[in-house]
Amino acid sequence: MFGFYRVAAAVPRLYLADPAHNAEEVSALWQEAEADQAAVVIFPELTLTGYTAGDLFFQERLYRAQNEALERLLHETRSLESVAVLGLMLRHSDRLYNVAAVIRRGEILGIVPKSYLPNKREFYEKRHFQSGREIRGEEITFLGKPVPFGTDLLFEDTQELCMGVELCEDLWALTPPSNAMAENGATLICNLSASNELVGKADYRAELVRTQSARLVCAYAYASSGVGESSTDTVYGGDAMIAEYGTLLSRAERFRRESTLICAEIDLQKLRGLRLAETAYADAPRHPFRRIVLGALPQPSGLRRSVDPHPFVPGDLSRREERCREITLIQAHGLIRRMEQARSQRAILGISGGLDSTLALLSTWEAHRILERDPSRILAVTMPGFGTSERTRRNAVALCRILGVELRQIPIRDLAALEMDAVGHDPSVHDVTYENIQARARTEILMNLANQEKGLVIGTGDLSEIALGWSTYNGDHMSMYALNAGIPKTLVRYLVEYYARSHPELREVLHDILATPVSPELLPTKEGEIAQKTEEIVGPYELHDFFLYHFVKYGAEPRKILYLAIHAFENLYDEATIRRWLGVFLRRFFTQQFKRSCMPDGPKVGTISLSPRADWRMPSDAEFRTWIEAVDA
């Protein structure tokens, strides 16, 4: 289902050196994972014996008891579709190995030995086991059947899942085996562990799992031994985690005395898209790996994981504040560098009383504050036209007064009327010509002022407008530095709110600007009020920003974007509404590429940019039919 898999990590209640009892706990948890539609469930290291059995690992009786319990478990679970990864001890060539067995439908599909054995302080694993790091390409007979054995095994289903397995210390090593597994296509790494509890170790362990998933652009499932292990010299807490590309999706409560199972949904299609589009993944060396076919695995019938409706905006307030502060510095220093290079004496921008021009003015003001320049060197120009409302004009004037910038008012009605007359356009016809003449008149004024004042025209259009082509070609589409080009509309709002919180003197006017409908104000007002509301024409910006993120970030297909949006906005928009605006987004994104192909310079702020010189290269004449058909299907 669009690359989503449900993965489980289990910590069974452990009966040390009692394989039969442990197999019962494993069977119950495995069946619970199966009932929850998990594709894969992993268990701790040395699942059936326990990790702390010590010299009992050398006992023939324990080895036989483990294998007898395993045979019963294989028989009991032969009807289960979920894949289980169990920890075992394995005798081979008169050596004892600590291994992970991958099992499905009562068959052992492959066995992976542990590569790195801890042998320091409280760990003395080399006393009992041998490293399997050099074992590749082997096949052994286990429980009377041939089984692939080695560190060169990957397990694949028929769709997105490619699974690699490592054990405990392997992750802590200088070069974890999972590196090579991921380099060769593994999208899910399973780690069977027995990690003891020390003060501060749990946080470090979680950071290892999280960062490894980020570095390898993969999902990482981890399960560690619980409190049933021996406490002679150390204590085990039963940690379990599932991470995806740097984010911890689920984590078990440690020190539980009963069996524990956690589940999380991972998006492997997204991870593969990120590997293709955003990382140097393909530069990594490839190595020979044997690939074991798992067949079709259980798919979740519905999505339980949260889908952020506003992917550009951090949900946590403290993180959002820090993000806003960082963006203000990126914008300000980007502008400072450009002004210094251009040797401009003034910054010039049109100010409408709307969100975008407000943010551009605030960021320009911040740049001057950093440089300790008089804010009056900023020239803000308000250019009332046929659709300018009193509210936006009043807010623009108030904002400029508080900031101490120079404000000039240059009405464009007469100039626009002259241009309409020049081309023979009837001013009573309020069509695209009527609107665009006004937008180009404003840009013409700003460019002429820049020449006159030796200044730099600051563009105000944001990333969402650039994606939709919601600008007038060679009008507001053009500037000398597009300061907001990397910021989507949903984030613009939070940045303006950030300035309102940071500067109490601005709070009242900024709150009124935030409450004003988004509008280009190019059509005549109705009784002094805004008549032209952008989101009624092109659709809600929160939807378009959601579409943009998933479309560009990892190349999500339209049907998946639709599915995710329905899930993310289930209480706000119905499916028909989302489908309609997704169609609008795709049509406009494709047909308006010609504007992006010649857009001015501007700072990249987040991971998504549409600059034709950096992040996004697309032909202006590409057909959108293939994408639209997927939405309409």
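The model you're looking at is predicted. Its chain is built with 20 helices and 20 strands, and buried residues account for 56% of its 633 residues.

**The whole chain**
- Picture a box of roughly 100 × 55 × 40 Å along the principal axes: that's what the C-alpha atoms fill.
- Take the contacts between residues at least 6 apart in sequence, and you'll find that 75% of them join residues at least 24 apart.
- The chain exposes about 26,500 Å² of surface, with 48% of that coming from carbon and sulfur atoms.

**Strand β8 and its partners**
- Strand β8 covers residues 153–156 and runs parallel to strand β15, residues 290–293, with 4 bridges joining the two.
- β8 also pairs with strand β9 (residues 162–167), this time in the antiparallel sense and over 2 bridges.
- Getting from β8 to β9 takes a hairpin of 5 residues.

**The cavity inside**
- How many cavities of 30 Å³ or more does the structure hold? There is 1.
- The largest cavity has about 70 Å³ of space in it.
- Its lining includes Pro12, Leu14, Pro44 and Glu45, and also Ser225, Gly226 and Glu229.
- Sorted by class, that lining has 4 nonpolar, 4 polar and 2 charged residues.

How values were computed:
Residues are numbered from 1 along each chain as its sequence is written. This is a predicted model: local features need pLDDT of at least 70, side-chain atom pairs count only at pLDDT 80 or more; totals for chains, interfaces and linings use all residues. Side-chain values use heavy atoms; hydrogens and water are left out. Two strands pair if DSSP finds at least two bridges between them. On a 1 Å grid over the protein atoms alone, a cavity is a set of points where a 1.4 Å probe fits but cannot get out, and a pocket is an open set with protein on both sides within 12 Å along at least five of seven lines; lining residues have an atom within 4 Å of a point. Grid points are joined across faces, edges and corners, and a volume is the space filled by probe spheres set on the points. Ala, Val, Leu, Ile, Met, Phe, Trp, Tyr, Cys and Pro count as nonpolar, Asp, Glu, Lys and Arg as charged, and the others, Gly among them, as polar. Buried means under 20% relative accessible area, exposed over 50%, partly exposed in between (1.4 Å probe, protein chains only). Contact means heavy atoms within 4.5 Å. Accessible areas come from the Shrake-Rupley method with a 1.4 Å probe; for residues, only the protein chains shown count as cover.
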